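Hello,

Here is the structure you are taking over. My notes on it follow below.

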Amino acid sequence: MSTDEQQMAARRPRGPYATGQARRQAIVDEALAVFSRTGFHGGSLREIAKRVGVTPTGLLHHFAGKEELFAEVLHQRDEKVREAAGDPAEHTLIEQATRVVAHNQTSRGLTALYAIVSAEATDPDHPSHADFAARYRERAVAAEEILRRGQADGEVREDIDPARAARLISAVMDGIQLQWLLDDSVDMVPLFEEFVGRYLHPAERRPD
């Protein structure tokens, strides 16, 4: 074993802590599978515990309750999308959005989870209602600013309203994802690229 490998091995958690972390992650992984199929309300802690091989009481040793577990599933989903696509930088909003679409097409469970939960969260009593409303609102504000800068640099059409376009980007992404979940022969990436090319790009950059 090399010196680097020895150092990495020394830093890895060992003993009960490592076992606890592995069990916690197994719970999150199984919760993703359950929530992506049945949503938050339909997801059962008893079913998740059974899939992991622990009792419901044992599951609650790692998470205070269903809402905390659900929040961790969503957090890890967001981190995976961010790792795959990166954070939008100046003038790269369209590229980043295209990468998100491409990533989502490779991760059906995560995409299904987002589609189901975002629909469920329209209920004001849903635990993620405020979070999802804020997600869409904050995403639109950030996208609007980047689109305005893109217009100033000639990268985005001047005759569109950046505020409306920002909302439409999310709407198109969510819409084609739903169609793909219903019919996996739908190829999301070229559909999104068609929208971008025809609606957002200036005439000289549009496809023939």
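Helix H7 covers residues 108-120 (helices, H or I of at least four residues, are DSSP runs numbered from the N terminus). The expected span of a helix is 1.5 Å times one less than its number of residues, so the 13 residues of H7 should span 18 Å, and the 18 Å between its end C-alpha atoms agrees with that. Buried residues in H7 include Leu 110, Leu 113, Tyr 114 and Val 117 (buried means under 20% relative accessible area, with a 1.4 Å probe and protein chains only).

This is a predicted model, in which local features need pLDDT of at least 70, side-chain atom pairs count only at pLDDT 80 or more, and totals for chains, interfaces and linings use all residues. Residues are numbered from 1 along each chain as its sequence is written, and side-chain values use heavy atoms, with hydrogens and water left out.

Next, the rings. Rings of Phe, Tyr and Trp (its six-membered ring) pair if their centres lie within 6.5 Å; planes under 30 degrees apart are stacked, over 60 edge-to-face, and the rest tilted. The count is 6 aromatic pairs. One of them, Phe 35 with Phe 40, is stacked, at 6.2 Å centre to centre and 25° between the planes. Phe 35 also pairs edge-to-face with Phe 70, at 5.1 Å and 85°. Because Phe 35 lies in helix H2 (residues 15-42) and Phe 70 in helix H5 (residues 66-85), this pair ties together parts 35 residues apart in sequence. Phe 35 and Phe 40 are both buried, and Phe 70 is buried too. Phe 35, Phe 40 and Phe 70 form one aromatic cluster.

Regards

Technical notes: Buried means under 20% relative accessible area, exposed over 50%, partly exposed in between (1.4 Å probe, protein chains only). Helices (H or I, at least four residues) and strands (E, at least two) are DSSP runs, numbered from the N terminus.
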